[in-house]
Amino acid sequence: MSINDYPSKLTGSSYYYVRTAWEDEETQLGQYRTLKSAIAKADANPGSFIFTGEGIAIYPEDEETVAASEGTEESIQDEPEPTQDGQEQAETEGSEEVAAGDEMPDTEDSDASGEDAAETATEKTVDASAEGYPNDGNTEPILYARANTLLNVRAGNSLDAQKLTVIRKGTLVEVLQECDNGWLRIKSDAAGCGYAYVSGEYLTTGSSIYTVQPADTLWKIAEVTLNSGKSYTDIKTLNGLNSNVIRVGMVLLIP
């Protein structure tokens, strides 16, 4: 939900609470009937948040999280090249975004056209069981990971391996094996053998995942998953959250 979905004025015993942390009442700066007054108080005190009576942080909203939930993304491939001004250059929708510069050598992917990238993204399942790539035989997840960018999925742990498909920024994958060169063997429906490889440099990993439920807060989630509410900052950092705002249905990585 967006803050625009909440009532502009509350009645009865309901209030909007402005605090730094919901669990710490001593950080409360005020409680308000009108949302406008609560927003003004929060804006005047950076680092504070507006909470509902259920402890759900509704303001300020996390722009990055909102963008991710709406499918907005800026991304690179499995071998990026920084531009001279540090910015990434995007191609057309459905294609891979490529960064160009002179600090890193060119790779096979830096010359890929948008048409080729789009074709890769829709490529059918192929056999990725070629010999010579790491496979310890494990079929159960040892880690979970989220892609930090548009990322190539390959038949082996090498840029020379066949490209099978592309996963979008924010995609969660199940990790089956950590390869010695930093690549990860993951579950993948794009490969006939059921697994493929991605560069671990462009993923954030966690030991487990948690789906946000109604009335959840980061503190409560940390109590359940890490046995300490104070560890909520670890979850916040791992998932790149800029605020305590979480939404029902979000899938969080757990350290």
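Predicted model: local features only at pLDDT ≥ 70, side-chain atom pairs only at ≥ 80, totals over all residues.
**Entry 1: cavities**

For the largest cavity I noted a volume of about 110 Å³. I then listed what surrounds the largest cavity and found 14 lining residues. Nearest its centre lie E23, F51, T217, L218 and N244. I also sorted the lining of the largest cavity by class: nine residues are nonpolar, three are polar and two are charged.

**Entry 2: aromatic pairs**

How many aromatic pairs does the whole structure hold? My search returned seven. I looked up the pair of Y17 and W22, whose ring centres are 5.7 Å apart and whose planes stand at 75 degrees. I checked burial next, and both Y17 and W22 are buried.

F51 had already come up in my first entry, as one of the residues nearest the centre of the largest cavity.

**Entry 3: charges over rings**

Which ring has the charged end of R19 over it? I found that of W22, with the charged end 4.3 Å from the ring centre.

I recorded a second case at R185, whose charged end sits over the ring of Y195, 4.9 Å from its centre. R185 belongs to strand 9, which covers residues 183–187. Is R185 buried or exposed? Its relative accessible area is 1%, and the cut-off for buried is under 20%, so I put R185 down as buried. I then looked for a polar partner and found D136: the two side chains make a polar contact at 2.9 Å.

**Entry 4: M250**

Where does M250 lie? I placed M250 in the loop between helix 5 (232–238) and strand 13 (251–254). Its relative accessible area is 16%. That value falls under the 20% cut-off, so M250 counts as buried despite its place in a loop. I also looked up M250 together with V212. The two residues are 38 apart in sequence, and their C-alpha atoms are 5.3 Å apart in space.

Key: Residues numbered from 1 in each chain as written. Heavy atoms only, no water. 1 Å grid on protein atoms, 1.4 Å probe; cavity = no way out; pocket = protein on both sides within 12 Å on 5 of 7 lines; lining within 4 Å. Points joined across faces, edges and corners; volume = space filled by probe spheres on them. Nonpolar A, V, L, I, M, F, W, Y, C, P; charged D, E, K, R; others polar. Phe/Tyr/Trp six-rings, centres within 6.5 Å; stacked < 30°, edge-to-face > 60°. Buried < 20%, exposed > 50% of the residue type's maximum accessible area, 1.4 Å probe, protein only. Lys NZ or Arg CZ within 6 Å of the ring centre and 35° of its normal. Helix = DSSP H or I, 4+ residues; strand = E, 2+ residues; numbered from the N terminus. Polar contact = N/O pair within 3.5 Å; in protein donor to acceptor, adjacent residues only side chain to side chain.
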